[in-house]
Amino acid sequence: NSEIKNKDIVRKSIFLLNPMSEGDIINNEDIVMKRPGDGIPAIEIDKILGMTINRNAEAGHKLEYKDIKW
């Protein structure tokens, strides 16, 4: 229980390495895993690769599920 508060701090999320435009397909070269882990978890990378981004986003943007066209 004492470590639950640190969960989001030590886990990693998927961030954009490059700027992307609406309709772009997310490739391995476009993303990087960084802290904090309060976005899309890095472990879900296989679900994200090949998906389409549904908004314009800057490099460094922490991906959220609402950013992905499912």
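**Fold, core and loop features of the predicted chain**

The protein chain has two helices and four strands. Helices (H or I, at least four residues) and strands (E, at least two) are DSSP runs, numbered from the N terminus. Their order from the N terminus is α-β-β-α-β-β. The radius of gyration is 12 Å, close to the 11 Å that the globule rule gives for 70 residues, so the protein chain is as compact as a globular protein of that length. This radius is taken over C-alpha atoms, and the rule is 2.2 Å times the number of residues to the power 0.38. Along its principal axes, the C-alpha trace spans about 40 × 20 × 20 Å.

The model is predicted: local features need pLDDT of at least 70, side-chain atom pairs count only at pLDDT 80 or more, and totals for chains, interfaces and linings use all residues. Residues are numbered from 1 along each chain as its sequence is written, and side-chain values use heavy atoms, with hydrogens and water left out.

Of the 70 residues, 27% count as buried. Buried means under 20% relative accessible area, exposed over 50%, and partly exposed in between (1.4 Å probe, protein chains only). The protein chain exposes about 4,700 Å², by the Shrake-Rupley method with a 1.4 Å probe. Carbon and sulfur atoms supply 48% of that area.

The largest nonpolar core holds eleven residues, among them Ile14, Leu16, Met20, Ile31, Ile53, Ala57 and Leu63. Such a core is a set of buried Ala, Val, Leu, Ile, Met, Phe, Trp, Tyr and Cys residues joined through side-chain atoms within 4.5 Å. Beyond its neighbours within four places in sequence, Leu16 is in contact (heavy atoms within 4.5 Å) with residues including Ile31, Ile53, Ala57 and Leu63. Its partners also include Asp30, Glu58 and His61. Across the protein chain, residues 24 or more positions apart account for 57% of the contacts with a separation of 6 or more.

Glu29 lies in the loop between β1 (13–16) and β2 (31–34). Glu29 counts as exposed because its relative accessibility is 57%. Leaving aside neighbours within four places in sequence, Glu29 is in contact with Leu17 and Asn18. Glu44 is 15 residues from Glu29 along the chain, and their C-alpha atoms are separated by 16 Å.

The next loop feature is a peptide bond. Pro36 lies in the loop between β2 and α2 (45–48). A cis peptide bond joins Arg35 and Pro36, with omega about 5°. Most peptide bonds are trans.
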